[in-house]
Amino acid sequence: MPRNARKTRTQTNSFSLQLVGKVAPICQPRSIISKSGILLAFANIYDRSISPRTYVFLHCALLAGQYRYAQRVIGEDWPRKGTTAESVLRYYLLRGMVHVGCDDFQMAIRCFWTVLSVPSDAVSAYVVDAWKKMVLAKCLLLQDSVPYQALVSPPSGSSNSLTRFLTPSNAPESATSDTAVLGISAYLDLAKACHAGRRQAFEKIRSDNVTLWGTDNNLGLVERLATDMEHRCIVHLASVYSTLPMAKVAATLGKSEVEAYNILGQVEGLNFKHTDGLVALEVENACALTADDATSLVKLSETIRRLDVSVAKSSKYQSIKVESGRPPRGVDDF
């Protein structure tokens, strides 16, 4: 192919990508994107590298809600090089959002960590967006199983500029500061309330920052986290009470009794029975043993057995048995 023709073709492809990237966000309804066949066209030329056509494909798939299709096309490849640092940041941010849409939070967190790990002298919008989504994904996946700092801290290899940016200052936060404008403290407070299981505080933070969640395109994740907090609250009630009034359940959730009843039916692993204003709660496998628990119990049983044998063979045991005419009844006798 002549050099001029190759150059013209490259320019045409670049213009087409830019055009698709600008037109896709304004398509209404979004189902038009899927019906247009553009996703299939991009999938056929997907080369598993970080390039403009790669993240245009991911962007279109996100807009169309075709998360699982995009995840199948992506596969398990983990490209490490891009044309620019910005292309790497954009690719892994979009890819992480695809994994979130598929409920694959582990892969999503890995993608967001990759964005946060790219060396830089300044904190870009891609990095801030990745951190916010990482915090919400970690709250959904890990809840209170890790320390609070593990939910909000960037990777150990991240740039010093990001660490300083996310570190709360002791000075009052100015309304015009970068962290205030970007709502960093709102995400920190939300994660803290989630980790502590303080549902009322969580609900207040959630309702006070609805505009922020929407602007960040994180409203769906926050709503899922709110639902998760409700389910955790129900499980906690079931661990304390076997039976309680439905009115108490509704009051605890801040819902009507009808809404509370519907929420009970959505909690995974919960059995409940509602009769005459009372509800009986039972969490499935609440007493189930893990493999480690079972191993520990077996070891404890064996230790107790050996102790019983040692005590029975001891001279002190035999002397007490002879003197009293009966074996010791407990520790005091022994």
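Me: At 77% relative accessibility, does Asp276 count as buried or exposed?

Reply: The model is predicted: local features need pLDDT of at least 70, side-chain atom pairs count only at pLDDT 80 or more, and totals for chains, interfaces and linings use all residues. Residues are numbered from 1 along each chain as its sequence is written, while side-chain values use heavy atoms, leaving out hydrogens and water. Buried means under 20% relative accessible area, exposed over 50%, and partly exposed in between (1.4 Å probe, protein chains only). Asp276 has 77% relative accessibility, so it counts as exposed.

Me: Where is Asp276 placed?

Reply: Helices (H or I, at least four residues) and strands (E, at least two) are DSSP runs, numbered from the N terminus. S2 and S3 form a hairpin with 2 residues between them, and Asp276 lies in the turn. It is not a glycine, yet its phi is positive, about 50°. Its place is the loop between S2 and S3.

Me: How many bridges join S2 to S3?

Reply: Two strands pair if DSSP finds at least two bridges between them. Lys273, for instance, has Ala280 in S3 as its bridge partner. Strand S2 covers residues 270-275 and S3 covers 278-283; they run antiparallel, and the number of bridges is 6.

Me: What percentage of the residues in the protein is buried?

Reply: The protein has 19 helices and 3 strands. Its chain counts 334 residues, and the buried percentage is 36%.

Me: Which helix gives the largest share of the lining of the largest pocket?

Reply: A 1 Å grid is laid over the protein atoms alone; a pocket is an open set of points with protein on both sides within 12 Å along at least five of seven lines, a cavity is a set where a 1.4 Å probe fits but cannot get out, and lining residues have an atom within 4 Å of a point. Helices H4 (52-64), H6 (85-101), H8 (125-142) and H15 (219-240) each supply at least two lining residues. The largest share, 6 residues, comes from H6.

Me: How many residues line the largest pocket?

Reply: Closest to its centre are Leu62, Met97, Lys133, Asp216 and Asn217. By type, the lining has 11 nonpolar residues (Ala, Val, Leu, Ile, Met, Phe, Trp, Tyr, Cys and Pro), 5 charged (Asp, Glu, Lys and Arg) and 6 polar (the others, Gly among them).

Me: Does Asn217 count as buried or exposed?

Reply: Asn217 sits in the loop between helix H14 (210-215) and H15. It has a positive phi of about 60° although it is not a glycine. Its relative accessibility is 63%, so Asn217 counts as exposed.

Me: What is the volume of the largest cavity?

Reply: The structure holds 1 cavity of 30 Å³ or more. Residues lining the largest cavity include Val115, Ser120 and Leu162. The lining divides into 7 nonpolar, 2 polar and no charged residues. The volume of the largest cavity is about 30 Å³.

Me: Does Val115 count as buried or exposed?

Reply: Val115 belongs to helix H7 (residues 105-117). Leaving aside residues up to four places away in sequence, it is in contact (heavy atoms within 4.5 Å) with Leu89, Tyr92, Leu93, Tyr126, Val127 and Ala130. Its relative accessibility is 1%, so Val115 counts as buried.

Notes
Points joined across faces, edges and corners; volume = space filled by probe spheres on them.
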